[in-house]
Amino acid sequence: MPRGDKSSYTDKQKRQAEHIEEGYEKRGVGKKEAESRAWATVNKETGGGKKSGSGRGKAVNHSSSKKGGEKGGRASASRSAAERSASAKKAAATRKRNAAKK
């Protein structure tokens with residue numbers, strides 16, 4: 001199997017990598033670098049691709065995801081109370097509007 005072949009990964013791991021890659025691209029990281037970082041993160045969290053054999057599973061480590069969430073929270077906390085309040089009101093109005101459509 002050549003390097004870079006993703007056939008040994010589960011569908012869930014592929015989705016995770018795609019989602020992580022999108023997050024990096026939103027933050028201005030280039031396409032190739034974002035893909036590289038995303039797969040590195042998936043490998044770190046899940047221990048790489050799926051492996052055959054009983055008892056070869058490995059506990060999933062979400063430290064990278066936790067770190068990303070904390071960074072997002074820190075960004076939110078740096079906004080003023082008025083900005084956070086306005087954002088919350090806008091979100092509530094959107095939820096109410098979407099609920100009315102259903």
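Thr41, Lys44 and Glu45 of helix H2 are in contact (heavy atoms within 4.5 Å) with Ser63, Ser64 and Ser65 of helix H3. By class, this contact of H2 with H3 comprises no nonpolar, four polar and two charged residues; Ala, Val, Leu, Ile, Met, Phe, Trp, Tyr, Cys and Pro count as nonpolar, Asp, Glu, Lys and Arg as charged, and the others, Gly among them, as polar. The model is predicted, with local features requiring pLDDT of at least 70 and side-chain atom pairs pLDDT 80 or more, while totals for chains, interfaces and linings use all residues. Residues are numbered from 1 along each chain as its sequence is written, and side-chain values use heavy atoms, with hydrogens and water left out.

H2 (residues 31-46) and H3 (residues 63-77) pack with axes 8 Å apart, at an angle of about 125 degrees. H2 is therefore oblique to H3 (angles under 35 degrees count as roughly parallel, over 145 as roughly antiparallel, 65 to 115 as roughly perpendicular and the rest as oblique). Axes are lines fitted to C-alpha atoms, for helices over the stretch in contact, and angles run from 0 to 180 degrees between N-to-C directions. Helices are DSSP runs of H or I with at least four residues, numbered from the N terminus.

Two charged side chains lie over rings (NZ of Lys or CZ of Arg within 6 Å of the ring centre and within 35 degrees of the ring normal). The charged end of Lys6 is 4.9 Å from the ring centre of Trp39, and Arg37 is placed over the face of Tyr24 at 5.2 Å from the ring centre.

Thr94 belongs to helix H4 (residues 81-101).

How values were computed
Helix = DSSP H or I, 4+ residues; strand = E, 2+ residues; numbered from the N terminus.
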